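This note sets out several points for a colleague who has the sequence and the model at hand. The points are numbered so that each may be checked on its own.

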Amino acid sequence: MISYAQNGEDVVLMRAFADVKDGFYVDVGAWDPVIYSVTKCFYDAGWRGLNLEPQPDLCALLNAQRPRDINLPIAASDADGLATLWVTKHSPLSTINRSIIDPNIADYAIVQRVETRTAKLSRILDDHAGERDIHFLKIDVEGHEAEVLCGVDFNRHRPIVLVIEATCPITNAPIWPKWESIVLDAGYQFALFDGLNRFYVCKERTDLLPTLSHPANCLDRYLTHRESQLQARLEAVDDELCRVRSELAKATGRVSSPTSTS
């Protein structure tokens with residue numbers, strides 16, 4: 001398996017859903033269709049899903065590369081309305097929660113302000129997921145996770161697994177105490193903290209707890225996307241080197257072949 005996710009989240013999820021052939025995911029804060037994508041390997045395996053990405057250029061990229069998916073330029077929140085998206089120099093750090101932006105860090109330099117529509121996630125799921133089973137819901141919204149969770153009615157929509165970014169983007173300090181009670185009170189059980197995200201399983205599927213209890217590791221037999229790219233480049237270089245050596249050998253053989261004498 002090739003892992004595209006930032007921290008092997010897709011490896012853990014694929015371990016749990018290896019037998020699912022036509023699954024459905026919801027990615028809140030999808031960002032890029034390939035880079036750091038938790039859903040790319042599932043899309044390649046035939047799944048489809050719903051991606052929320054308020055950065056217009058990235059949502060357009062999702063539309064171009066994920067035609068089976070539903071891709072919306074919306075920010076999930078605790079209320080329907082409008083908000084300012086602060087687009088940062090390092091695009092994955094963009095957020096509608098300006099309080100986490102540190103002006104002393106170059107990656108947090110504001111390069112654009114985008115007025116974006118906000119909506120409760122339950123309303124979005126009502127409109128675009130319907131009665132479908134949601135195999136996993138991933139939330140990565142740079143400090144706005146609590147508001148997203150407040151906008152979910154877990155009685156109506158029950159993703160089997162939740163994957164939620166759980167540390168402060170600036171300090172890496174735990175931020176899950178702000179929102180974990182929402183998840184636990186909704187009937188989810190904690191499964192794993194991988195250093196960045198916390199995984200939860202709905203009480204109806206606690207059989208998945210052992211499978212989700214440990215992070216991606218060598219026993220999962222996976223390559224990261226970057227490793228896969230480097231391997232492909234190395235193989236191309238090896239092929240080119242073999243070609244050059246073969247041509248050199250032929251040329252050298254012609255030059256050094258004995259000449260006839262009378």
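The points below concern a predicted model and take up its sheets, helices, aromatic contacts and selected loop residues.

1. The seven-stranded sheet. Seven strands form an open sheet with mixed pairing, in the order E4-E3-E2-E8-E9-E11-E10. Strand E4 (70-72) and E10 each have a single partner strand and stand at the edges, so one side of each is left without a neighbour in the sheet. From one strand to the next, the twist averages 15°. At the E4 end of the order, strand E3 (residues 48-52) runs parallel to E4, and three bridges join the two. Leu 52 stands opposite Leu 72 of E4.

2. Helix H1 (residues 9-16) lies across strand E8 (136-139), E9, E10 and strand E11 (197-202), and runs at about 15° to E11.

3. The three-stranded sheet. A further open sheet is formed by three strands in the order E5-E7-E6, again with mixed pairing. Its edges are strand E5 (74-77) and strand E6 (81-88); each has a single partner strand, so one side of each is left without a neighbour in the sheet. Neighbouring strands here are turned by 45° against each other on average, direction ignored. E5 and strand E7 (residues 110-120) run parallel and are joined by four bridges. The bridge partner of Ala 76 in E7 is Ala 119.

4. Helix H4. Which strands of the three-stranded sheet does H4 lie across? Helix H4 (residues 121-128) lies across E5 and E7, at about 70° to E7. Within H4, Leu 121, Ser 122, Ile 124 and Leu 125 are buried. Viewed down the helix axis, the buried residues fall within an arc of 160°, so they line one face of H4. Gly 130, which follows H4, has a positive phi near 60°.

5. Aromatic pairs. The count of aromatic pairs comes to eleven. For Phe 154 and Tyr 188, the ring centres are 5.4 Å apart and the planes stand at 65°; the pair is therefore edge-to-face. Phe 154 lies in the loop between helix H5 (145-150) and strand E9 (161-165), and Tyr 188 lies in strand E10 (residues 188-193), so the pair ties together parts that are 34 residues apart in sequence. Both partners are buried: Phe 154 has 5% relative accessibility, and Tyr 188 has 2%. Elsewhere, one aromatic cluster is formed by Phe 17, Tyr 25, Phe 42, Trp 47 and Phe 136.

6. Charges over rings. The charged end of Arg 98 sits over the ring of Trp 86, 4.1 Å from its centre. In a further case, the charged end of Arg 198 sits over the ring of Trp 176, and the distance to the ring centre is 4.3 Å.

7. Ile 101. Is Ile 101 buried or exposed? With a relative accessible area of 14%, Ile 101 is buried; the residue is found in the loop between E6 and E7. Not counting residues up to four places away in sequence, Ile 101 touches Trp 86, Thr 95, Tyr 108, Ile 110 and Ile 170. Trp 86 is also the residue whose ring lies under the charged end of Arg 98. The C-alpha atoms of Ile 101 and Thr 88 are 8.8 Å apart in space, and the two residues are 13 apart in sequence.

8. Arg 158. This residue is placed in the loop between H5 and E9, and at 24% relative accessibility Arg 158 counts as partly exposed. Leaving aside neighbours within four places in sequence, Arg 158 is in contact with Ile 134, Ala 186, Gly 187, Tyr 188, Cys 202, Lys 203 and Glu 204. Arg 158 and Asp 133 are 25 residues apart in sequence, and their C-alpha atoms are 7.8 Å apart.

9. Most residues other than glycine have a negative phi. Tyr 36 has a positive phi of about 60°; the residue lies in the loop between strand E2 (24-28) and helix H2 (40-44) and counts as partly exposed at 38% relative accessibility. Asn 172 has a positive phi of about 65°. Asn 172 is found in the loop between E9 and helix H6 (180-185) and is exposed, with a relative accessible area of 56%.

Notes: Residues numbered from 1 in each chain as written. Predicted model: local features only at pLDDT ≥ 70, side-chain atom pairs only at ≥ 80, totals over all residues. Heavy atoms only, no water. Pairing = 2+ DSSP bridges. Axes fitted to C-alpha atoms, helices over the stretch in contact; angles between N-to-C directions. Contact = heavy atoms within 4.5 Å. Phe/Tyr/Trp six-rings, centres within 6.5 Å; stacked < 30°, edge-to-face > 60°. Buried < 20%, exposed > 50% of the residue type's maximum accessible area, 1.4 Å probe, protein only. Lys NZ or Arg CZ within 6 Å of the ring centre and 35° of its normal. Arc of directions from axis to C-beta.
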